Amino acid sequence: MTAHKKKVEFHTDHNVYIIGAGYSAAAGLPLLTNFLQKMCTYRTSLNDDSEYAKAIDNVLSYRRDCASASDKIKLDLDNIETLLSLAAASPEVDIQHDIAIAIGATIDHYQKLFKKIPDDSRCLRTKNEVDSPNPIRQDFYEYSAAIMSGDEGKLQQREKIKNTIISFNYDMLIEDALASQGYCFTYGFDGHHPIPDSHCNMQGDDLPERACYLLKLHGSINWSEGGIESTDRDGKRHIFTSFDELMEKSQDRIPLILPPWWKKDPMGIFGKIWETAVERLRTATRIIFLGYSCPATDQYVKYLLAAGLQNNISLARVDTVNPDVQVQDAVAGLFPASAKWVSRSPALYAEDFFQYVTRPVIPNQSGHLEAINRIP
């Protein structure tokens, strides 16, 4: 019997945001290029006998030990994900636990510092704010998360929209911003990986129609493979409300984060997340690369896009929001040169991009699809 192919649906309003470290940099969180520097700065504030200080010290010692490898092969040992990848490729070296703890503690530290900044010092400010009668004063991450979720609250209400955010970041800026405003989202896990109540405790068929998908392909500082025995559902809870809660309650006390290398875990949590990412890309009408530098270590992203877009009949536009021309070229290089829907966004910075609310993709007068937005 011949299997029936799943019917390909045409969509008109599904934005897929692909988020990189540049998005979180505005909050003072480290980039890959300065992560070790910021980690060392954080280390100076810790007591020598603290768990996090010992983990950081072990990571710095491991970096020193890896220096001999850089004599034989080109390695960027100042990049924290290089160390994470080396540790994953060398299972006989017992350092992965310390690297995960050091990364989680460092990110959590700078997230907390950002939250202590007075609200009026971390607002989305337009370049023409002095001349504008109604300047935007909302917190940048709450504002941008509302737009990316597709549920723009007071900004604009649209029906039957359920956007997708694909993130390569370990931090929790986006989910904290969504949760603080009461927006529902899912990490894309199966039902036996319940989301804490503060993150809209719904799964699968329970998800409201407008729930946003937040798919973190490299893991998160609030995820734990060991998890904790659930009291309200069968199985284990692998998601925690924060890094602190994970360290307090998780059985293994190790943040679940992956290095950006080709050997992705095809089982468990990440198998479902990647499957969901492919599924969501199949109905994308617009893809926005935001703060994502398209590094050479992430070449597998090309195959993720290929798997998701091969049956896509709705894609009308790809935008790159980044002031770096080389990054724009790298993203454009993921797509055929003949792809006329690949665009260089007029807004080079996230702060500029999120001044405008994306609108649906609609047919123009000639019958071709056209992505409409408020960016002039």
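This is a predicted model: local features need pLDDT of at least 70, side-chain atom pairs count only at pLDDT 80 or more; totals for chains, interfaces and linings use all residues.
**Entry 1: aromatic pairs**

I searched the whole structure for aromatic pairs and found 11. I then examined the pair formed by Tyr 23 and Phe 140. The ring centres of Tyr 23 and Phe 140 are 5.9 Å apart and the planes stand at 45 degrees, so I recorded the pair as tilted. I next looked up where the two residues lie. Tyr 23 belongs to helix 1 (residues 21-25) and Phe 140 to helix 6 (residues 140-149).

I turned to Phe 168 and Tyr 292. Their ring centres are 5.0 Å apart and their planes meet at 20 degrees; the pair is therefore stacked, since planes under 30 degrees apart count as such. Phe 168 lies in the loop between strand 2 (164-167) and helix 7 (173-180). Tyr 292 lies in the loop between strand 8 (286-290) and helix 10 (300-309). This pair, too, links distant parts of the chain, its members being 124 residues apart. Both Phe 168 and Tyr 292 are buried.

**Entry 2: a cluster and a charge**

Which residues do ring pairs link into a cluster with Tyr 23? I listed Phe 114, Phe 140 and Tyr 141 alongside Tyr 23. I also looked up Lys 38, whose charged end sits over the ring of Tyr 110, at 4.8 Å from the ring centre.

**Entry 3: Ile 273**

I located Ile 273 in helix 9 (residues 268-281). Is Ile 273 buried or exposed? Its relative accessibility is 0%, and buried means under 20%, so Ile 273 counts as buried. I then listed the contacts of Ile 273, leaving aside neighbours within four places in sequence. They are Tyr 187, Gly 188, Phe 189, Leu 215, Lys 216, Leu 217 and Trp 223. For one of these, Tyr 187, I looked up the C-alpha separation from Ile 273: it is 7.4 Å, although the two residues are 86 apart along the chain.

**Entry 4: helices 2 and 3**

Two packed helices are described by the angle between their axes and the distance between the axes. I looked up both values for helix 2 (residues 35-43) and helix 3 (residues 51-66): the axes come within 10 Å and cross at roughly 140 degrees. Helix 2 is therefore oblique to helix 3. I recorded the crossing as left-handed. Among the residues that meet are Leu 36, Met 39 and Cys 40 in helix 2, and Tyr 52, Ile 56 and Leu 60 in helix 3.

Notes
Residues are numbered from 1 along each chain as its sequence is written. Side-chain values use heavy atoms; hydrogens and water are left out. Rings of Phe, Tyr and Trp (its six-membered ring) pair if their centres lie within 6.5 Å; planes under 30 degrees apart count as stacked, over 60 as edge-to-face and the rest as tilted. Helices (H or I, at least four residues) and strands (E, at least two) are DSSP runs, numbered from the N terminus. Buried means under 20% relative accessible area, exposed over 50%, partly exposed in between (1.4 Å probe, protein chains only). A charge sits over a ring if NZ of Lys or CZ of Arg is within 6 Å of the ring centre and within 35 degrees of the ring normal. Contact means heavy atoms within 4.5 Å. Axes are lines fitted to C-alpha atoms, for helices over the stretch in contact, and angles run from 0 to 180 degrees between N-to-C directions. Angles under 35 degrees count as roughly parallel, over 145 as roughly antiparallel, 65 to 115 as roughly perpendicular and the rest as oblique. A crossing is left-handed if the near helix is turned anticlockwise from the far one by less than a right angle, and right-handed if clockwise.
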